Amino acid sequence: MSDDIRKQYPPDGNPRETFEGNRFEDARMQRVHDQLMRERPEPSENFAPLPLALTVLVMFLCVWAGLYLAKYTFEFDPFHYNEDRAANAVADEGPKEVDMMALGKRTFSQNCVACHQQDGQGQPGVYPPLAGSEWVQGNPKRLIAIVLHGLAGEVHVNGETYNNAMTPFGRLRDQQIAAVLTYVRSTPDFGNESDPVTEDMVAEVRDETSDQSEQWSQDQLDELYPIDG
Amino acid sequence: MSSQSPTLLDSLSPTAERQEALRARLSEVDRSMRTPGTFFVVAAVLWLMVGTLFALLTAIKFTNPSFLGHTEIFTFGRVRSAHLNSVIYGWATNAGFAVGLWIMARLCRTRVRHTRILMAGAVFWNLGVIGGIIGILKGDMVAVEWLEMPGYVTPLLAISFALIGVWAIIAFRWRQTDHVYVSQWYILAAFFWLPWLYTTAQILLVFEPAKGVVQSLTNWWFAHNVLGLWLTPLGLGTAYYLIPKVLGRPIYSYYLSVYGFWTLALFYNWAGVHHLIGGPVPAWVISAGTVASVMMVIPVVVVAVNHHMTVVGLHRQGWRSPTIRFIVFGAINYTIVSLIGSAMALRDVNLSTHFTDFTVGHAHHGLYAFYTMIMFGGMYYMLPRLLNREWPSAFLIKTHFWMTALGILLMVNVLQICGWIVGEMMNQVTQDGTVAYTFQQIVEFRVPWHWLRSVSGFMITIGHFAFFINVVWMLFRPSKADQPSQPTLLTRPTAEANA
Amino acid sequence: MRSLPLLFLGIFFTLAFSWTGIVLVSNVQLRDLDPATSTLVNDVQEPISGVTYDKNGAEMMGNNMSGDVVHPQVKSGSALRGQEVYEQMGCLYCHSQQVRRAGYGSDIARGWGQRQSVARDYVLEDRVMLGTMRTGPDLANVGLRYDANWQFQHLYNPKITSPYSIMPPYGFLFEKQKISDVTGPSDDAITLPGDWALDEGYELVPTQRARDLVAYLLSLRQDYELPEAKFEQ
């Protein structure tokens with residue numbers, strides 16, 4: 001701010017303008033213009049130059065923008081979605097050793113927790129528990145069949161009656177089903193201690209039940225795959 | 001230096017002919033804007049109350065989801081859209097029409113000649129918005145964010161916008177001044193940009209929907225630009241006019257004004273695609289949006305410096321004036337919200353903020369703490385001049401200020417802190433590849449924050465009622481014709497007056 | 001700045017810049033995207049992965065494998081009507097429909113999808129609702145996670161399936177009616193578990209809109225691979 005402007009508009013905020021009331025004696029006239037009369041002049045501009053720091057900031061940002069665009073525009077390729085990778089193709093690292101409990105836990109948290117809950121307790125009266133359940137710790141084939149094709153109607157678990165339905169998960173791979181059931185049957189989180197389920201068992205049941213087009217009822221299961229079977 | 005800049009002579013000898021002629025001219029301008037300006041303000045305030053009501057309903061639904069849950073028209077998705085559309089196209093746009101057109105007319109020294117055409121536009125615009133809100137509630141909603149109003153009100157809105165917007169162009173074309181002030185660029189540009197955005201969005205999203213994610217890109221190009229190229233220029237134009245006007249001190253630097261305007265024009269309109277970061281759109285579009293969003297730091301800092309250097313040293317004076325109090329609050333928040341916005345566009349930051357309340361908080365920060373507060377300030381200045389009346393109650397203005405200012409600060413903080421924590425909880429993956437927090441844990445975490453948010457909304461509602469009462473009181477109070485009036489100030493006035 | 005035409009040109013070109021970049025160019029780039037098979041083959045029917053380059057360095061997408069199914073697929077009529085219900089209810093405001101890639105967020109770890117969503121997944125949608133908020137879970141693959149029964153219960157009152165839920169109930173999409181003495185219980189009556197069961201002699205049936213909405217929800221599934229998007233394992 002230049003010095004003469006500072007004098008003209010002192011920081012104490014009292015500009016030297018006493019226009020109000022000097023000119024018009026007529027009270028009505030003054031009334032009409034009251035608000036206008038006490039206004040300050042229409043706004044105007046000074047011409048302070050750009051601060052140097054700002055220029056430096058702008059230059060810095062421009063350089064950054066250039067580098068960012070150079071790195072992340074990928075020649076405007078419409079099929080490039082992932083700014084982290086050179087190409088979208090998933091690198092093929094060959095077969096890996098799979099930790100069935102880890103895969104099982106992952107599969108469980110992706111597909112099962114919404115109803116059976118993290119702790120495997122289910123919801124009273126709505127979704128049966130997995131923790132301590134005789135169904136889970138009994139015949140593994142029965143479990144595989146349920147996961148593949150779902151379950152509907154009245155079921156009796158640990159002495160409680162549930163009347164609901166379970167979504168089929170036949171879309172999961174055999175390995176995922178084997179893993180999730182191994183996890184459910186033996187995780188200390190639920191206090192279950194039963195044998196693991198293998199991929200071959202899943203494949204076998206998938207084959208045996210390939211004609212099943214609807215969700216199971218308990219009667220059907222009791223007949224085909226009894227709990228103690 | 002332009003002819004309108006006050007010279008030493010002007011302030012020492014205020015009865016100089018030029019000032020006198022100018023004031024006579026401004027008086028004519030104010031009178032010609034009296035009917036349409038008042039109409040826009042009243043419409044805006046009514047929409048503000050309607051929008052607040054919808055906001056309260058949504059807030060209640062967050063903590064009590066079955067509230068009014070048996071009625072289809074009051075289901076959450078519709079009430080939320082009704083809230084958004086009534087505050088954007090009802091409140092914010094009407095307020096922008098009122099203050100923006102008035103400032104444009106004043107700076108151009110041109111009065112509105114055919115008020116009836118403007119009034120017709122004003123009435124039809126509001127009928128269009130009413131139709132749109134009813135359409136949303138009864139289920140004709142277009143499921144595109146910020147464009148929910150059904151296609152059948154589009155022609156009405158488009159024509160009435162043309163009838164209103166043309167006055168900004170006419171005023172500018174036949175301006176009586178040599179110099180073009182920065183507010184004029186902003187307002188002129190805003191009235192030009194919105195129809196373009198709206199037309200493109202309507203064609204590509206409602207009438208001839210584009211294929212696939214081009215819809216989403218168009219959607220966010222439009223929606224972000226309604227804020228960036230329509231409301232922001234109106235808000236900045238208002239601040240640029242009223243800060244020097246009320247404080248009686250010229251804007252710090254013309255160069256900064258020019259620089260800030262053109263960088264905003266260049267960068268803001270690319271920024272919208274940051275709403276799609278991580279989504280199914282090609283990486284290069286996102287990168288361009290990210291860069292533009294970060295480059296927005298330039299206009300924001302430029303405007304902040306320009307405003308700050310103009311206000312500096314006049315704080316007491318500003319605190320006294322309702323106008324300046326609201327506008328400075330808005331201008332400070334413009335700087336903060338824009339810098340946060342730039343940060344949010346970075347992929348690493350967006351990872352936590354995307355899909356959470358952080359974005360909601362950010363939207364309210366920009367639309368309320370910046371734009372709405374500036375419009376309140378503009379109305380506190382404009383309305384006494386249009387109506388030749390003073391604000392009836394300083395107490396109500398103070399209530400309005402404190403409730404809305406504290407309310408919105410609480411709301412923004414609550415939403416952004418909650419949003420950030422939720423974002424962190426959502427993204428945390430443990431070593432064995434499972435998520436650290438189930439969705440249930442996240443929903444349960446949010447509950448107390450929803451209550452806090454309702455409290456902040458309640459505070460803002462009180463502020464709005466104070467404003468509403470003051471406006472209605474002002475409109476209907478008997479005028480005391482023979483007494484010279486005093487401006488309504490918020491602290492004890494000293495010798496000079498600056499409402 | 002005194003000249004209206006000059007100011008106007010500036011105002012015009014700044015917006016024209018982003019309009020061209022975001023709206024026009026993306027339209028040109030993506031408008032020819034069509035459903036595709038999971039792998040692509042070159043002219044001599046050898047599989048190629050994703051985008052490859054011919055000997056001149058030009059980009060080449062290859063051809064669909066003959067005899068293979070292309071994805072995404074057209075939705076059924078009921079699902080299309082259901083999409084309108086989804087739009088009218090404003091589901092978009094709390095549910096996104098996009099899966100972010102593994103390593104960016106936890107979408108895949110959460111079981112919301114097996115791979116990142118890409119532009120091709122949406123080419124057949126009348127209304128693309130990617131969403132910007134996840135008050136509720138992502139729905140890009142919700143058709144894989146739950147069956148119709150779960151969806152009906154959850155829409156009728158989300159607290160049946162998820163007691164902590166803050167989703168509003170959509171009871172108005174259902175009808176409570178007396179079980180007919182002549183024909184017995186309706187085929188499509190919904191079982192309500194536990195304490196939610198209706199009074200003896202009454203049943204809950206979904207309206208046509210509820211059935212359409214559920215058909216739409218069940219159609220939401222990105223369970224196929226595309227040349228540019230393979231499953232994460």
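This is a predicted model: local features need pLDDT of at least 70, side-chain atom pairs count only at pLDDT 80 or more; totals for chains, interfaces and linings use all residues.
How many bridges join strand β1 (residues 40-41) of chain C to β2(C)? Two bridges do, and the strands run antiparallel.

Residues are numbered from 1 along each chain as its sequence is written, while chains are lettered from A and ligands numbered from 1 in the order in which they are written.

**View 1. An open sheet in chain C.** Three strands line up in the order β2-β1-β5 with antiparallel pairing. Strands here are DSSP runs of E with at least two residues, helices are runs of H or I with at least four residues, and both are numbered from the N terminus. Two strands pair if DSSP finds at least two bridges between them. At the edges sit β2 (47-48) and β5 (63-64) of chain C, each pairing on one side only. Look for V41(C), whose bridge partner in β2(C) is P47(C).

**View 2. Chain C as a whole.** Six helices and seven strands make up its secondary structure, and along the sequence they follow the pattern α-β-β-β-β-β-α-α-α-α-β-β-α. The radius of gyration of chain C (taken over C-alpha atoms) is 24 Å, well over the 17 Å that the globule rule gives for 233 residues, so the chain is more spread out than a compact globule. That rule is 2.2 Å times the number of residues to the power 0.38. Along the principal axes, the C-alpha atoms of chain C fill a box of roughly 75 × 65 × 35 Å.

**View 3. Where chain C meets chain B.** Here 58 residues of chain C are in contact with 69 residues of chain B; a contact means that the C-beta atoms of two residues, placed from the backbone, lie within 7 Å. On the side of chain C that touches chain B, the elements giving two or more residues are α1 (4-30) and α2 (77-88) of chain C. The most comes from α1(C), with 15 residues. By class, this side of chain C has 31 nonpolar, 17 polar and ten charged residues. Ala, Val, Leu, Ile, Met, Phe, Trp, Tyr, Cys and Pro count as nonpolar, Asp, Glu, Lys and Arg as charged, and the others, Gly among them, as polar.

**View 4. Two crossing helices in chain A.** The axes of α4 (residues 100-111) and α8 (residues 174-186) of chain A come within 7 Å and cross at roughly 95°. The two helices are therefore roughly perpendicular to each other, a label for angles of 65 to 115 degrees. Among the residues that meet are L103(A), T107(A) and F108(A) in α4(A), and A179(A), V180(A) and Y183(A) in α8(A). This contact has nine nonpolar, four polar and one charged residues.

**View 5. A proline in a loop of chain A.** P129(A) lies between α5 (113-116) and α6 (134-137) of chain A. With 21 C-beta neighbours inside 10 Å, P129(A) counts as buried, the cut-off being 20 or more other C-beta atoms within 10 Å. Leaving aside residues up to four places away in sequence, P129(A) touches G120(A), Q121(A) and G122(A). H116(A) is 13 residues away along the chain, yet its C-alpha atom and that of P129(A) are separated by 6.3 Å.

Methods. Axes are lines fitted to C-alpha atoms, for helices over the stretch in contact, and angles run from 0 to 180 degrees between N-to-C directions. Angles under 35 degrees count as roughly parallel, over 145 as roughly antiparallel, 65 to 115 as roughly perpendicular and the rest as oblique. A residue is buried if 20 or more other C-beta atoms lie within 10 Å of its own, exposed if 12 or fewer, and partly exposed in between; C-beta atoms are placed from the backbone.
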